[in-house]
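Biologist: I am new to this structure. Could you walk me through it?
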Amino acid sequence: MLNSNAQRPARVQYLPGTFRLLSPGDHVVCAVTGVKIPLHELRYWNAETQEAYASAEIATRRFAELQKKAG
């Protein structure tokens, strides 16, 4: 049986400490690198900007960029 969600991006609402699946899929895309992040590996996101990140390093770098822009 084929999985209809394979190779399909999920729509996700990022919340503080958790996220909610709005439409099915098997991955989200890193806001910085464009890399596909399988949902079961999703660990880093920003609820304010509604962005997902592929790693802690990328999330930290993006946070610093956003802080710098906010001045």
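Modeller: Let us begin with a term: a salt bridge is a side-chain nitrogen of Lys or Arg within 4 Å of a carboxyl oxygen of Asp or Glu. Please note that this is a predicted model.

Biologist: How many salt bridges does the count come to by this rule?
Modeller: The count is two. One joins the side chains of arginine 62 and glutamate 51, at 2.9 Å from N to O. That pair links distant parts of the chain, with arginine 62 in helix α1 and glutamate 51 in strand β6, eleven residues apart.

Biologist: And which residue forms the other one with arginine 62?
Modeller: Glutamate 65 does, with the closest N and O atoms 3.4 Å apart. Glutamate 65 and arginine 62 are both in helix α1, three residues apart, about one turn of the helix. Shared partners join Glu51, Arg62 and Glu65 into one network of salt bridges.

Biologist: Is arginine 62 buried or exposed?
Modeller: Arginine 62 is buried, at a relative accessible area of 15%. Glutamate 51 is also buried, at 14%, whereas glutamate 65 is partly exposed, at 36%.

Biologist: Which residues of α1 are buried?
Modeller: They are Ile58, Ala59 and Arg62. Viewed down the axis of α1, the buried residues fall within an arc of 95°, so they line one face of the helix. They pack against β5 and β6. The face turned away carries the exposed residues Glu57, Thr60 and Lys68.

Biologist: New topic: how many residues does the largest nonpolar core have?
Modeller: It has twelve, including Cys30, Ala52, Tyr53 and Ile58. β1, β6 and α1 each supply at least two residues of this core.

Technical notes
Residues are numbered from 1 along each chain as its sequence is written. This is a predicted model: local features need pLDDT of at least 70, side-chain atom pairs count only at pLDDT 80 or more; totals for chains, interfaces and linings use all residues. Side-chain values use heavy atoms; hydrogens and water are left out. A nonpolar core is a set of buried Ala, Val, Leu, Ile, Met, Phe, Trp, Tyr and Cys residues joined through side-chain atoms within 4.5 Å. Buried means under 20% relative accessible area, exposed over 50%, partly exposed in between (1.4 Å probe, protein chains only). Helices (H or I, at least four residues) and strands (E, at least two) are DSSP runs, numbered from the N terminus. The arc is that of the directions from the helix axis to the C-beta atoms. Contact means heavy atoms within 4.5 Å.
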